[in-house]
Amino acid sequence: MVVRAAPDGYTVLWVTSPNAINATLYQHLHFNFIRDMQPVVAVFRVPNVLEVNPSLPVKTVPELIAYAKANPGKLNFASSGVGSTAHLSGELFKAMTGVDMRHVPYRGSAPALVDLLSGQVQVMFDLLPASIGHIRADKLRALAVTSAARSDALPQIPTIAEFVPDYEASTFNGVGVPAGTPPAIVEALNKQINAALSDSTIKSRLADLGATGLGGSPAEFGKLVADETTKWARIIKSADIKID
């Protein structure tokens, strides 16, 4: 709908990681996201959190890797759906560590969390804001966050990259408009959103959710989208993930 909208600045898209993922995940899209969408600005990144049911006898990422290798195919990792960031975070982890865990897709994060809390599945790479309450209540055990740096919301929790070098799988969010939108409009939107990201209330709210504010230029956001599209294309192809 946004691609086909008038490029006048009044129709904008909240751009997220699935827009980069779907370019490879779906075989028959009627648009090319990078070609047909003009980036405006990156807004924030939010990590996933590698978490386990407390009954699983692991407390660190190395212990999880060792347990999974000692029990190949016996661990189930839940996700909010095939091709979701939670799914691909797990596939990236599998590819970089050589562990064999079985993917169990759900229709959304909420039902996946229900089964993780009950022990029906053992592992999940969930978005931090969705799980942070359960982690703080000791109902789930957080092993690591998937971002390159530790999260201010859970500073005591390490990153996966501290044990698996170069691992990174955070979810980005930003704003885009239809291709052909006049540069003056793109610049005006970019300026105002960057100003909002400097607001102390917004910065505090993002921190509470475990998110990191970004901002920057349209070109920088365009590079981020392109880099993420290439990164997840490799994982989708190597894991042979398909939807249609």
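1. A word on terms before we start: helices here are DSSP runs of at least four residues, numbered from the N terminus. With that in hand, please keep in mind while reading that this is a predicted model.

2. Let's begin with the largest pocket, which holds about 310 Å³ of space. Its lining counts 17 residues, and those closest to the centre are Val3, Asn19, Phe31, Phe33 and Met37. Which helix gives the largest share of this lining? That is H1, with four residues. Helix H1 covers 17-25, and together with helix H2 (33-36) it belongs to the helices that each supply at least two lining residues. By class, the lining of the largest pocket is made of 11 nonpolar, five polar and one charged residues.

3. The second largest pocket is also worth a look, with a volume of about 240 Å³. Around it stand 16 lining residues, and Ser147, Ala149, Arg150, Ala211 and Thr212 lie nearest its centre. Here the classes come out as seven nonpolar, five polar and four charged residues.

4. Back to H1, this time for its packing against helix H9 (residues 218-238). The two axes come within 8 Å and cross at roughly 45°, which makes H1 oblique to H9. The crossing of this pair is right-handed. On the H1 side, the contact is made by Ser17, Ala20, Ile21, Ala23, Thr24 and Leu25. Facing them from H9 are Val225, Glu228, Thr229, Trp232, Ala233, Ile236 and Lys237. Sorted by class, the contact of H1 with H9 has eight nonpolar, three polar and two charged residues.

5. H9 has a further contact, with helix H4 (residues 85-97). H4 and H9 pack at an angle of about 70°, and their axes are 10 Å apart. Why do H4 and H9 count as roughly perpendicular? Angles from 65 to 115 degrees fall in that class, so H4 and H9 are roughly perpendicular to each other. From H4, the residues involved are Leu88, Ser89, Glu91, Leu92 and Ala95, and they meet Lys231, Trp232, Ile235 and Ile236 of H9. This contact of H4 with H9 divides into six nonpolar, one polar and two charged residues.

6. Finally, have a look at helix H5 (residues 109-118) and helix H6 (residues 128-136), which pack at an angle of about 25° with their axes 11 Å apart. That angle makes H5 roughly parallel to H6. The crossing of H5 and H6 is right-handed. Ser109, Leu113 and Leu117 of H5 touch Ala130, Ser131 and His134 of H6. In this contact of H5 with H6 there are three nonpolar and three polar residues, with no charged ones.

Technical notes:
Residues are numbered from 1 along each chain as its sequence is written. This is a predicted model: local features need pLDDT of at least 70, side-chain atom pairs count only at pLDDT 80 or more; totals for chains, interfaces and linings use all residues. Side-chain values use heavy atoms; hydrogens and water are left out. On a 1 Å grid over the protein atoms alone, a cavity is a set of points where a 1.4 Å probe fits but cannot get out, and a pocket is an open set with protein on both sides within 12 Å along at least five of seven lines; lining residues have an atom within 4 Å of a point. Grid points are joined across faces, edges and corners, and a volume is the space filled by probe spheres set on the points. Ala, Val, Leu, Ile, Met, Phe, Trp, Tyr, Cys and Pro count as nonpolar, Asp, Glu, Lys and Arg as charged, and the others, Gly among them, as polar. Axes are lines fitted to C-alpha atoms, for helices over the stretch in contact, and angles run from 0 to 180 degrees between N-to-C directions. Angles under 35 degrees count as roughly parallel, over 145 as roughly antiparallel, 65 to 115 as roughly perpendicular and the rest as oblique. A crossing is left-handed if the near helix is turned anticlockwise from the far one by less than a right angle, and right-handed if clockwise. Contact means heavy atoms within 4.5 Å.
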